[in-house]
Amino acid sequence: MIKNIWNKFLTWLIGLFNKLKADIQKVKEIESKTVIDVVKVEQKAISDLQEGEKFVCHYCNLEFALLAKNIFPVSVRVLYQDNYVIGKGVLCPHCGQTCITG
């Protein structure tokens, strides 16, 4: 009788372990797809601004020409939410502040 209970418990435990293992694999697949989507959005964000284009700083209100080295992807938290939006950051050569566009 004890052997029967022990065998049922081990069978249940092995089944639980296999289910958890499958769930972990699903989460890993979802995470890898999310990372790929974020990389695609970041690459698109950089290509929207053209080098040499004029831009006005939000902080010092001075105009400057964009340089490729001063354009970079940024993620900004949406106000009052836990979501993040990926946009473009532009470094102002005059005041050194990061302006967020897109």
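Leu16 counts as partly exposed, at 35% relative accessibility, where partly exposed denotes the range between buried, under 20% relative accessible area, and exposed, over 50% (1.4 Å probe, protein chains only). The residue lies in helix H1, which spans residues 2–48; helices (H or I, at least four residues) and strands (E, at least two) are DSSP runs, numbered from the N terminus. The model is a predicted one, in which local features need pLDDT of at least 70 and side-chain atom pairs count only at pLDDT 80 or more, whereas totals for chains, interfaces and linings use all residues. Residues are numbered from 1 along each chain as its sequence is written, and side-chain values use heavy atoms, with hydrogens and water left out.

Leu16 is one of the residues of a nonpolar surface patch that also includes Trp6, Phe9, Leu10, Trp12, Leu13, Ile14 and Leu20, with about 780 Å² of accessible area together. Patches of this kind are made of residues with over 30% relative accessible area and no salt bridge, nonpolar side chains (Val, Leu, Ile, Met, Phe, Trp, Tyr) being joined within 5 Å and like charges within 9 Å. A salt bridge is here a side-chain nitrogen of Lys or Arg within 4 Å of a carboxyl oxygen of Asp or Glu, and accessible areas come from the Shrake-Rupley method with a 1.4 Å probe, only the protein chains shown counting as cover for residues.

The protein chain as a whole contains 1 helix and 5 strands, arranged from the N terminus as α-β-β-β-β-β. Of its 102 residues, 16% count as buried, and the chain exposes about 8300 Å², of which carbon and sulfur atoms supply 61%.

An open sheet is formed by 3 strands in the order S3-S4-S5, with antiparallel pairing. Its edge strands are S3 (71–77) and S5, each of which pairs on one side only, and the twist averages 45° from one strand to the next; two strands are taken to pair if DSSP finds at least two bridges between them, and the angles, which run from 0 to 180 degrees between N-to-C directions, refer to axes fitted as lines to C-alpha atoms, for helices over the stretch in contact. Strand S4 (residues 84–91) is joined to S5 by 4 bridges in the antiparallel sense, and the two strands form a hairpin with 6 residues between them, Gly96 in the turn having a positive phi of about 80°. Within this pairing, Val90 has Cys99 as its bridge partner, while Leu91 stands opposite Thr98. In a regular strand the side chains alternate between the two faces of the sheet. In S5 (residues 98–101), Cys99 and Thr101 belong to the covered face, and Thr98 and Ile100 to the uncovered one.

Phe55, in strand S1, is buried, with a relative accessible area of 12%. Its contacts (heavy atoms within 4.5 Å), not counting residues up to four places away in sequence, are with Leu62, Glu63, Phe64, Leu66, Val90, Cys99 and Thr101. Phe55 and Val90 are 35 residues apart in sequence and 8.9 Å apart in space, C-alpha to C-alpha.

Asn61 is placed in the loop between strand S1 (54–56) and strand S2 (63–65), and is exposed, with a relative accessible area of 58%. Asn61 has a positive phi of about 60° although it is not a glycine.
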